Amino acid sequence: MSAALRLTTLMVSGLSLLLVAGCAGSSLEQSLEADPQLQERPVFTGEDPEAPSTAEVAPDPAAAPDSAEASPPEPDTPPRGSTTARLAEVPEDLRPYVRNWLALGLVEPAAGQAADGGAAASDFQPNQPITRGEFAHWLLTANNAFYRDVPAKRMRPATAGTAPAFQDVPASHPYFAAIQGLAEAGIIPSAKTGNATAVTFRPDAPLTRETLVLWKVPLDLRAPLPTASAEAVTTAWGFQDTAQVEPLALRAVLADHQNGDFANIRRAFGYTTLFQPQKGVTQAEAAAALWRFGNQTEGISAEELLGRSAGQSSSPESTTPANSL
């Protein structure tokens with residue numbers, strides 16, 4: 001290498017050293033260092049690490065509130081229409097009879113029947129009066145349920161083609177089948193039984209005590225009613241108001257006394273010296289009267305009927321559904 005070339009090389013090296021030394025701490029040196037903001041920035045992976053977790057998200061005011069927080073728990077009371085609520089309204093002496101009656105499920109409405117306001121006719125109101133039409137429906141239904149295995153004691157509901165016995169109960173009436181069936185069987189007085197003046201039935205009128213006994217007792221005795229006088233009834237029952245009882249009902253009232261402790265009057269109305277024959281019958285009293293069918297020595301009660309149904313439903317050989325009443 002010539003002396004001139006070596007001299008040139010030394011000069012270039014020195015110049016480079018001077019440039020590096022001069023840039024130390026300068027903006028050029030800082031620009032060559034790594035950006036600390038870039039070092040701290042995380043690598044993008046498709047997830048936002050700064051997004052709050054589900055538990056930390058603030059509630060949306062427009063969102064529907066949680067049902068447990070929106071409405072406080074309901075009080076531990078039975079629904080109004082439940083059996084427990086209904087029994088709570090029943091007088092204590094009638095409660096055992098009504099409990100069995102409701103368990104039988106015999107108070108379903110007739111086809112198409114509904115009470116005012118759209119409420120179902122089967123809405124049992126124990127302290128409300130029962131109408132003549134309703135009781136006729138209950139009476140025939142209960143009789144056929146109690147004697148479902150005894151065809152000779154069952155009554156046939158009327159069909160739509162039957163000529164009506166009463167002017168105010170046409171074939172389109174929801175209780176026509178029961179009312180007409182009872183009239184055809186001679187249980188309800190009508191022109192068919194020789195009562196020429198009984199041309200109307202008044203299905204919406206309240207059922208009276210004497211009418212209840214007049215219709216029910218023949219289905220207990222299954223025999224002709226005895227002859228009776230007001231004096232005989234007063235002697236038997238001790239009623240102070242026997243003179244107010246219709247002559248047609250006197251025979252049934254006297255016959256009911258022959259049933260002893262199973263008398264409908266004793267079961268439905270308790271001990272009384274006033275029969276009050278024209279007083280309205282409540283639904284609870286009607287249920288008590290229909291709690292048993294039979295005379296003093298032979299009969300069947302709702303309690304016994306429920307026991308039979310329970311025994312049949314628990315038997316492996318039983319073919320009768322528990323709800324077939």
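The structure holds 2 salt bridges, a salt bridge being a side-chain nitrogen of Lys or Arg within 4 Å of a carboxyl oxygen of Asp or Glu. This is a predicted model, in which local features need pLDDT of at least 70 and side-chain atom pairs count only at pLDDT 80 or more, while totals for chains, interfaces and linings use all residues. Residues are numbered from 1 along each chain as its sequence is written, and side-chain values use heavy atoms, with hydrogens and water left out.

**Salt bridges**

- Lys192 and Glu184 form a salt bridge through their side chains, at 3.6 Å from N to O.
- Lys192 is partly exposed at 48% relative accessibility, and Glu184 is partly exposed at 42% (buried means under 20% relative accessible area, exposed over 50%, partly exposed in between; 1.4 Å probe, protein chains only).
- The other salt bridge joins Asp220 to Lys216, with the closest N and O atoms 2.8 Å apart; both residues are buried.
- Asp220 and Lys216 are 4 residues apart in helix H9 (residues 209-221), so about one helical turn separates them (helices are DSSP runs of H or I, at least four residues, numbered from the N terminus).

- H9 has 13 residues and reaches 18 Å from its first C-alpha to its last, close to the expected 18 Å (1.5 Å times one less than its number of residues).
- Of the 13 residues in H9, 13 are buried.
- Just after H9, Arg222 takes a positive phi of about 55 degrees.
- Ser190 is in the loop between helix H8 (176-184) and H9, and counts as buried at 0% relative accessibility.
- Beyond its neighbours within four places in sequence, Ser190 contacts Phe166, Ala183, Asn195 and Ala198 (heavy atoms within 4.5 Å).

**Aromatic rings**

- The whole structure contains 10 aromatic pairs (rings of Phe, Tyr and Trp, the last by its six-membered ring, with centres within 6.5 Å; planes under 30 degrees apart count as stacked, over 60 as edge-to-face and the rest as tilted).
- Phe201 and Trp215 are a stacked pair, 5.6 Å centre to centre with 15 degrees between the planes.
- Phe201 lies in the loop between H8 and H9 and Trp215 in helix H9, so their pair ties together parts 14 residues apart in sequence.
- Phe201 is buried at 1% relative accessible area, as is Trp215 at 2%.
- Ring pairs link Phe135, Phe166, Phe201 and Trp215 into a cluster.

**Charges over rings**

- Arg209 lies over the face of Phe269, 4.2 Å from the ring centre (NZ of Lys or CZ of Arg within 6 Å of the ring centre and within 35 degrees of the ring normal).
- Lys216 lies over the face of Phe293, at 4.6 Å from the ring centre.

Notes: Helices (H or I, at least four residues) and strands (E, at least two) are DSSP runs, numbered from the N terminus.
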